[in-house]
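Visitor: I am new to this structure. Please take me through a single part of it, up close. I would like to start with charged side chains.

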Amino acid sequence: MEKITEDQLRRIKEFSCERLSCNPLNRDLIETFVSERGKGLVNYLKHFAWEEDIQGTTANYLIKSSGGQVVMFFSLKCGALFDPLDEKSIMKRTQNVQELLRNLHEEGEKKETAIQILESIRSGQDVSLDCVKHRLKLDAKHCEETLKQLNYDKEHEGNEQIIRVGHTYPAVDLVNFCSNDTTRDIWKEYGIEHPMGEVMFWAYVVPIILGVQTYIGCQYVFLFAADMSENATLINYYNVALKFAQPMNIGTNKPRYDLCCQFMCQEVSDLKQNRENYFNNFNPADDDIIA
């Protein structure tokens, strides 16, 4: 694969990206926006986006062609991801460790089983059984302290809507990402083989997300993919073209707006390198085999 050409870069830079409410003319321009696959997104754009952009609750952006036509819109807002905190699992782990340590002082089968478990934990580590026991005691103590903190917090926190989690991660929510069906021919005229949404994501959306880290801490960018297809077409697109993944160890709050959608995310620290890789492998080389 070969990097993007100067001519291709020049053509992509002919597009522009601006906040929705920064230009009064945009209010009329968005009325011509059409998307058969994203009717709900278009409804948001036409009826709610302007006010939310002015209020600052959601930053809505338009991507325009050199002729001033709106080819895409996307929306960004602050969010948060987290490690789930499973109180039942912590309690179960505490009980298991305590039982294991007690059985070491028993006689017969219980003691033998406990020693076998310790040996399996020690396997591959250059440590003694006493060291393993010490670590387990510390782990049990940590779990007990966590449970005490949880119970104390539940008793003293006045807000019953608080959700307790293990760790939180600052993030940017890519709320909306939609192309205008009526401007597809404009993109064809540019002669770039990649889909417009894919190119505009890396060329215009990603720099804004990376810029967020200039002012505030931000570790992830995430979205909810509205994919109801049997073969997960949209999810595959976000994964392959935009590098979003579906980790099972990270949680988030899913609003009613995104019910039936699939959570996907990627680390902001990966975005910069992924962007460079995208444009450095933009065109097939002469000797590339096209499947």
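Visitor: Which residue forms a salt bridge with Glu 145, and how far apart are the closest N and O atoms?

Guide: A word on the model comes before the details. This is a predicted model, where local features need pLDDT of at least 70, side-chain atom pairs count only at pLDDT 80 or more, and totals for chains, interfaces and linings use all residues. Residues are numbered from 1 along each chain as its sequence is written, and side-chain values use heavy atoms, with hydrogens and water left out.

Now the pair. Glu 145 forms a salt bridge with Lys 148. Their closest N and O atoms are 4.0 Å apart. A salt bridge here is a side-chain nitrogen of Lys or Arg within 4 Å of a carboxyl oxygen of Asp or Glu. Side chains of opposite charge can pair when their charged atoms come close.

Both residues belong to helix H7. Helices are DSSP runs (H or I, at least four residues), numbered from the N terminus. Glu 145 and Lys 148 are three residues apart, so about one helical turn separates them.

How open are the two? Buried means under 20% relative accessible area, exposed over 50%, and partly exposed in between (1.4 Å probe, protein chains only). Glu 145 has 36% relative accessibility, so Glu 145 counts as partly exposed. Lys 148 has 54%, so Lys 148 counts as exposed.

Helix H7 spans residues 129-156. With helix H6 (109-122), helix H7 is among what covers the buried residues of H5. Contact means heavy atoms within 4.5 Å. The buried residues of H5 include Ile 90, Thr 94 and Val 97.

Another one joins Glu 51 and Arg 27, at 3.7 Å, N to O. This pair links distant parts of the chain: Glu 51 sits in helix H4 (residues 49-55) and Arg 27 in helix H2 (residues 26-29), 24 residues apart. Glu 51 is partly exposed at 40%, and Arg 27 is partly exposed at 42%.

Glu 14 and Arg 10 also form a salt bridge, with their closest N and O atoms 2.9 Å apart. A network of salt bridges links Asp 7, Arg 10, Arg 11 and Glu 14.

Definitions and conventions
Helices (H or I, at least four residues) and strands (E, at least two) are DSSP runs, numbered from the N terminus.
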